[in-house]
Amino acid sequence: LYILHDGAVAIQIHARKYQNIIINTIEEKGELFGWSALVESKQYTATVKYLKKTTVFSIRTAELEQLFEDDPLMGFVFMKKIDSLIDSRLSNMRNRLINSIS
């Protein structure tokens, strides 16, 4: 899991040979990305491209899971925030898809 400290990144997915589509940009300090590390498959579905000089903090999945085991309430609150983040990103992607085909 990554937390943006400063800079900007683009979250992109591979669409065709040699073509990536940017699905979101992360520019606000404290924003999370790489949340796929927290879901059961632990498989990333996108890549990140740095848009300018960027500093991020990283938290290893095992360490985060241990924190959640030690403090289940913190884990619950954190996962509710991740849920909200995923919902927002899916809504954003759905809107971009609708706009691109209409």
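Which residue stands opposite His 14 in E3? To find out in this predicted model, select strand E2 (residues 9-16) together with strand E3 (residues 19-26), which pair in the antiparallel sense over seven bridges. The residue opposite His 14 is Asn 20 in E3.

Next, move to the turn of this hairpin, where two residues lie between E2 and E3.

Now display the side chains of Leu 1, Leu 32, Leu 38, Leu 64, Phe 68, Ile 82, Leu 85 and Ile 86, the eight residues of the largest nonpolar core. Helix H1 (61-70) and H2 are the elements that give two or more residues to this core, and H2 supplies the largest share, three residues. A second, separate core has six residues, among them Leu 4, Val 9, Ile 23 and Ile 26.

Centre the view on Phe 68. Apart from neighbours within four places in sequence, Phe 68 is in contact with Met 74, Gly 75, Phe 78 and Met 79.

Finally, select Phe 76 in helix H2 (residues 72-101). Phe 76 is exposed, with a relative accessible area of 52%, a value over the 50% that the term requires. By contrast, nonpolar side chains in soluble globular proteins tend to be buried together.

Terms used
Residues numbered from 1 in each chain as written. Predicted model: local features only at pLDDT ≥ 70, side-chain atom pairs only at ≥ 80, totals over all residues. Heavy atoms only, no water. Helix = DSSP H or I, 4+ residues; strand = E, 2+ residues; numbered from the N terminus. Buried < 20%, exposed > 50% of the residue type's maximum accessible area, 1.4 Å probe, protein only. Core = buried A, V, L, I, M, F, W, Y, C linked by side-chain atoms within 4.5 Å. Contact = heavy atoms within 4.5 Å. Pairing = 2+ DSSP bridges.
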